[in-house]
Amino acid sequence: MAIIDAWVAPTAKSKLVRQQVELGPLGAEEVEVQVEHCGLCHSDISVLNNDWGFSQFPAVLGHEIVGRVVEVGPAAKGLKVGQQVGIGWTSQSCMHCHQCMSGNHNLCPESTFTIVGHKGGFASRVRAHWAWTMPLPEKTDAAEAGPLLCGGVTVFNPLAMYATPTSRVGIIGIGGLGHMAVKFAAAYGCDVTAFTSSESKFDEARGFGAHDVVSSRNSAAIKKLAGTFDLLIVTVNAPLDWDALIASLAPNGRLHFVGFVLEPIPVGVVSLIMQQRSISGSPIGSPVATETMLDFAARHNITPQTEHFPMSRINEAFERLDAGKARYRIVLDADF
Ligand SMILES: [Zn+2]
Ligand SMILES: [Zn+2]
């Protein structure tokens with residue numbers, strides 16, 4: 001039994017209030033982590049607003065968690081008290097289904113999301129299954145690592161699955177996800193084009209490693225890139241000129257979604273068939289993909305560009321992210 005301090009959303013769309021919360025007994029395969037930093041992700045706002053219809057209240061949000069192990073359940077493997085770890089969007093999966101046994105734990109139909117029916121990281125302590133509690137490499141800057149655990153692996157995973165160092169890659173949307181995608185793709189050796197609707201981000205996108213920057217609203221400019229890209233990763237949730245973007249794919253090219261574009265996209269199958277193109281999507285990444293990403297990020301000194309707030313100013317931080325003002329990820333530092 002443990003009483004923790006947490007920032008709680010009592011109902012949908014409410015302000016967060018500081019409360020004490022009881023966690024109950026620690027599960028045999030769980031570990032308990034003292035939270036040091038927790039990133040604020042757009043998905044926290046979506047769950048707060050119940051945009052996806054599966055939120056549960058009262059909710060403790062926060063799923064880009066960095067902290068130290070303070071307690072280890074008797075059947076938890078590979079972790080010890082004092083170790084610095086990270087926890088992301090998923091805090092548990094069943095560990096016995098076909099997907100979990102294949103190493104695709106992120107596709108487990110029975111996984112637990114860290115902030116849905118489970119207490120998340122805007123708290124003094126948080127719990128997760130040992131398999132989803134990732135040790136941080138020694139070189140990792142713990143204060144900056146939070147956003148890697150959700151947004152970072154979400155964009156790293158499609159690069160690891162579909163890109164090679166010689167690929168021409170386009171990253172659509174230069175925000176919380178997209179700026180990390182540009183850094184990863186550039187470090188991997190890809191030729192990287194950033195697509196953004198905001199001209200104010202052109203120079204910054206080049207600073208993240210983009211070799212070229214194109215306005216995502218300029219259909220004529222996109223049409224000039226016909227047949228270019230091996231992989232386009234869509235990190236935005238807004239409708240775009242899909243015809244022009246699909247035409248910008250090289251033969252065997254792939255348009256890949258990690259942003260929730262909620263409107264159906266129109267697709268003409270002829271251009272898919274004749275150029276053998278694909279359209280796909282993926283959610284976060286498995287524990288092994290996350291560890292690989294953390295290792296890659298540490299080796300190449302890749303960190304998200306962040307703004308820090310003390311966790312006690314959490315409501316202000318939510319407003320800033322919701323207003324689209326964050327450049328590019330917000331991290332809250334625990335101050336209970
Ligand atoms: Zn997230
Ligand atoms: Zn499973």
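The second largest pocket of this predicted model has a volume of about 190 Å³. Its lining is made up of K13, S14, K15, L16, I45, L48, N49, N315, F318, E319 and D322. Two elements give two or more residues each: helix 1 (42-48) and helix 11 (314-322). Helix 11 gives the most, with four residues. Sorted by class, the lining holds four nonpolar, three polar and four charged residues.

**The cavity**

The structure also holds one cavity of 30 Å³ or more. About 40 Å³ of space lies in the largest cavity. Around that space stand G88, W89, T90, W132, M134, L149, V153, I284, G285 and T290. What classes of residue line the largest cavity? Six are nonpolar and four are polar, with no charged residues.

**The zinc site**

The zinc ion is ligand 1. Its protein donors are C41 through SG, H63 through NE2 and C150 through SG. These donors lie 2.0 to 2.2 Å from the zinc ion. Along the chain they follow the spacing C-x21-H-x86-C. H63 sits in the loop between strand 4 (59-60) and strand 5 (65-72), while C150 sits in the loop between helix 3 (142-145) and helix 4 (151-162), so the pair ties together parts that are 87 residues apart in sequence. Both H63 and C150 are buried.

**Cysteines and other buried residues**

How many disulfides does a search of the whole structure find? The search finds zero. Two cysteines, C97 and C100, are buried. A residue counts as buried because its relative accessible area is under 20%.

| Residue | Relative accessible area | State |
|---|---|---|
| C97 | 16% | buried |
| C100 | 5% | buried |
| H129 | 6% | buried |
| S215 | 17% | buried |

Take H129. This residue is found in strand 9 (residues 125-129). H129 counts as buried because its relative accessible area is 6%. Which residues does H129 touch, not counting those up to four places away in sequence? They are E29, E30, S91, Q92 and M95. H129 and A76 are 53 residues apart in sequence, yet their C-alpha atoms are 7.5 Å apart in space.

Now take S215. This residue has its place in strand 13 (residues 212-215). S215 is buried, at 17% relative accessibility. Leaving out residues up to four places away in sequence, S215 touches T196, F202 and I222.

**Helix 5**

Is helix 5 (residues 178-188) mostly covered or mostly uncovered? Helix 5 is mostly covered, with eight of its eleven residues buried. The buried residues are G178, H179, M180, A181, V182, K183, F184 and A185. What covers them? The cover includes four helices and strands named by number here: helix 4, helix 6 (202-208), strand 11 (168-172) and strand 12 (191-196) are among them. Helix 10 (287-299) and strand 18 (329-333) also belong to the cover. After helix 5 comes G189. The phi of G189 is positive, near 105°.

Note on methods: Residues numbered from 1 in each chain as written. Chains lettered and ligands numbered in written order. Predicted model: local features only at pLDDT ≥ 70, side-chain atom pairs only at ≥ 80, totals over all residues. Heavy atoms only, no water. 1 Å grid on protein atoms, 1.4 Å probe; cavity = no way out; pocket = protein on both sides within 12 Å on 5 of 7 lines; lining within 4 Å. Points joined across faces, edges and corners; volume = space filled by probe spheres on them. Nonpolar A, V, L, I, M, F, W, Y, C, P; charged D, E, K, R; others polar. Disulfide = S-S within 2.5 Å. Buried < 20%, exposed > 50% of the residue type's maximum accessible area, 1.4 Å probe, protein only. Donors = N, O, S within 2.8 Å, 3.2 Å for Na, K, Ca; no water. Contact = heavy atoms within 4.5 Å.
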